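Here is a protein chain to read through in questions and answers. Have the sequence and the model open side by side.

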Amino acid sequence: MKSFIKYCAAIAIFASGLIAAPAKTPQKLLTVTVIDVGQGDCSLIQLPGGKTVLVDAGSGGVGWNPFDAGTTIVVPFLKRMGVKRIDYIIMSHPHSDHIGGVRLVVRDIEVGTLVDSGFPAEEADYEMIMEIAEKKDIALMEVHAGDILNWDKDCEMKVLSPPAKYIMGGDSHANENSIVFKLTYKDVSFLFTGDAEKEAGKQIVRFYKDDLLCTFLKVSHHGSKNSLTYNWFLDWAQPIVSIICVGQNTWGHPHRGTIKTLEDYGSLVYRTDRDGTIKIVTDGKTYKTSFIVPEEDEKDYSGGYE
Ligand SMILES: [Zn+2]
């Protein structure tokens, strides 16, 4: 698919140090790419030490969502980027628009470890993923709030939610028990929030408020009105850039009020349905953001379903 090939705009933000500095030793870079998978979530993390992490993989064409982002977008994207192996796939929570595409990634790409919170899955995708994982001898790992992931010696990865005793209450237990984690590389950090909502937010603020300050926020739950953009959450997070993963949908994501709240906080808001795939490269001090936007007439996949 040609869609992602066209680099539309490269906006450099505070990028002088990253681009111009005549490095005496090769710079170690962290790259985070939030991939436009239509309605769903998918981010690729390429750690400075070389390990690769995929956080969700969009939908997989099973069940209520007929769109197969895994085959159509994620696997071809990884291959185009030269990613031959994913060391870890973090499945934020077992909903189709997050883990559906994981089935196609584990089928087509070498994967080291599947990571989830152990929260019971109701949708068929999860079982299908586990069947392939067993056949291919892929390791499984369960994480909970407080865990530190030592996957790169220069980065800190800390899990902030869910707790071992799962969160109950709220609109959706699965959403509320999304894996929320913070990735920090020196002065630049990313907060990944899955589809976590209010109840998760309360616990995170209660136990980990000092970990929330971030440069980039992957806005939870596709920017819905239940996303973690409450003032009591943003007061701690204060993201410079907020990224909403969203495609055409019938729920009204992202909510206008969510975007307004983020903008009122002075956060720059990007959204995959308008800005395409968003790539951030950082040396831990400065960062450069660029966008990979599909040709307008090729953007058929963003619909996903209706
Ligand atoms: Zn979702």
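Q: What percentage of the residues in the protein chain is buried?
A: This is a predicted model, where local features need pLDDT of at least 70, side-chain atom pairs count only at pLDDT 80 or more, and totals for chains, interfaces and linings use all residues. Residues are numbered from 1 along each chain as its sequence is written. A residue is buried if 20 or more other C-beta atoms, placed from the backbone, lie within 10 Å of its own, exposed if 12 or fewer, and partly exposed in between. Of the 306 residues in the protein chain, the buried share is 51%.

Q: How many helices and strands does the protein chain have?
A: Helices (H or I, at least four residues) and strands (E, at least two) are DSSP runs, numbered from the N terminus. The count for the protein chain is nine helices and 15 strands.

Q: Which residue in S13 is the bridge partner of Ser-242?
A: Two strands pair if DSSP finds at least two bridges between them. Strand S12 (residues 241-244) and S13 run parallel, joined by four bridges. The partner of Ser-242 in S13 is Val-269.

Q: Which strands stand at the edges of the open sheet of six strands?
A: The order is S8-S9-S10-S11-S12-S13, and the pairing is mixed. From one strand to the next, the twist averages 15°. Two strands each have a single partner, so one side of each is left without a neighbour in the sheet: S8 (155-161) and S13 (268-271).

Q: Against which elements do the buried residues of H6 pack?
A: Helix H6 (residues 198-208) lies across S8 and strand S9 (180-185), at about 125° to S8. Its buried residues are Glu-199, Ala-200, Gly-201 and Ile-204. They pack against S8, helix H5 (173-176), S9 and helix H7 (231-237).

Q: Are H3 and H4 roughly parallel or roughly antiparallel?
A: Axes are lines fitted to C-alpha atoms, for helices over the stretch in contact, and angles run from 0 to 180 degrees between N-to-C directions. Angles under 35 degrees count as roughly parallel, over 145 as roughly antiparallel, 65 to 115 as roughly perpendicular and the rest as oblique. H3 (residues 96-108) and H4 (residues 124-135) pack at about 20°, with axes 9 Å apart. The two helices are therefore roughly parallel.

Q: What is the handedness of the crossing of H2 and H3?
A: The axes of H2 (residues 69-80) and H3 come within 8 Å and cross at roughly 60°. That makes H2 oblique to H3. A crossing is left-handed if the near helix is turned anticlockwise from the far one by less than a right angle, and right-handed if clockwise. The crossing of H2 and H3 is right-handed.

Q: Which residue in S4 stands opposite Ser-43?
A: Four bridges join strand S3 (residues 43-46) to S4, and the two run antiparallel. They form a hairpin with five residues between them, and Gly-50 in the turn has a positive phi of about 110°. Opposite Ser-43 stands Val-55.

Q: Which residues of S4 point the other way from Thr-52 and Leu-54?
A: In a regular strand the side chains alternate between the two faces of the sheet. In strand S4 (residues 52-55), Thr-52 and Leu-54 point one way, and all four named residues are buried. Pointing the other way are Val-53 and Val-55.

Conventions. Contact = placed C-beta atoms within 7 Å.
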